[in-house]
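Trainee: I've got a new model open and I'd like to learn how to read it. Could you walk me through a few features?

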Amino acid sequence: MEDKARTAAPNLVRDALTLADRGWKVLPAYGVVDGRCGCGNLDCQSPGKHPVFSRWQDRATAVAGQIRSMDWNGRNVAVATGRGSNLL
């Protein structure tokens with residue numbers, strides 16, 4: 001599998017890994033492009049603040065290799081709150 005971290009902003013991946021080191025599960029969220037959400041929905045109610053993929057509750061991770069393999073280009077780092085990250 002391609003290491004997508006190489007093509008993303010290095011600081012973004014580093015920040016995601018730093019959060020994961022705390023035991024927090026992270027995932028990519030859409031970014032904002034030209035004032036609009038990167039999801040492409042012109043009526044998006046949460047621009048730059050919602051997960052890129054479905055089933056995010058199951059796919060958020062604190063595993064470094066999984067974080068590095070995610071596509072972070074044009075994304076934000078989101079932290080999955082709740083029991084999985086001990087953030088209630």
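Mentor: Let's go from the overall layout to one helix, then to some backbone angles, the cysteines and a glycine. This is a predicted model, so local features need pLDDT of at least 70, side-chain atom pairs count only at pLDDT 80 or more, and totals for chains, interfaces and linings use all residues. Residues are numbered from 1 along each chain as its sequence is written, and side-chain values use heavy atoms, with hydrogens and water left out.

Trainee: Fine. How many helices and strands does the protein have?

Mentor: Helices (H or I, at least four residues) and strands (E, at least two) are DSSP runs, numbered from the N terminus. Here you get 3 helices and 4 strands, in the order α-β-β-β-α-α-β from the N terminus on.

Trainee: And what share of the residues is buried?

Mentor: Buried means under 20% relative accessible area, exposed over 50%, and partly exposed in between, with a 1.4 Å probe and protein chains only. Of the 88 residues in the protein, 31% are buried. As for contacts (heavy atoms within 4.5 Å), take those with a separation of 6 or more: 66% of them join residues 24 or more positions apart.

Trainee: Which residues of α1 are buried?

Mentor: General idea: an α-helix has 3.6 residues a turn, so residues three or four places apart point the same way. In α1, the buried ones are Leu12, Val13, Ala16, Leu17, Leu19 and Ala20. Looking down the axis of α1, these buried residues fall within an arc of 160°, so they line one face of the helix; the arc is that of the directions from the helix axis to the C-beta atoms. On the other side of α1, Pro10 and Asp21 are exposed.

Trainee: What covers that buried face of α1?

Mentor: The cover includes β1 (26-30), α3 (64-69) and β4 (75-79). After α1 comes glycine 23, with a positive phi near 90°.

Trainee: Now the cysteines. How many disulfides does a search of the whole structure find?

Mentor: A disulfide is a covalent bond between the sulfur atoms of two cysteines. The test used is a pair of cysteine sulfur atoms within 2.5 Å, and the search finds 0. For cysteine 39, the closest cysteine sulfur is in cysteine 37, 3.6 Å away and too far for a bond. Cysteine 44 also has its closest cysteine sulfur in cysteine 37, at 3.8 Å, again too far for a bond. Cysteine 39 is partly exposed at 28%, while cysteine 44 is buried at 17%.

Trainee: Last one: is glycine 31 buried or exposed?

Mentor: Glycine 31 is buried, with a relative accessible area of 4%. You'll find this glycine in the loop between β1 and β2. Its C-alpha is 4.3 Å from that of glycine 48, 17 residues apart along the chain. Leaving out residues up to four places away in sequence, glycine 31 touches Arg36, Cys37, Gly38, Gly48, Gly74, Arg75 and Asn76.
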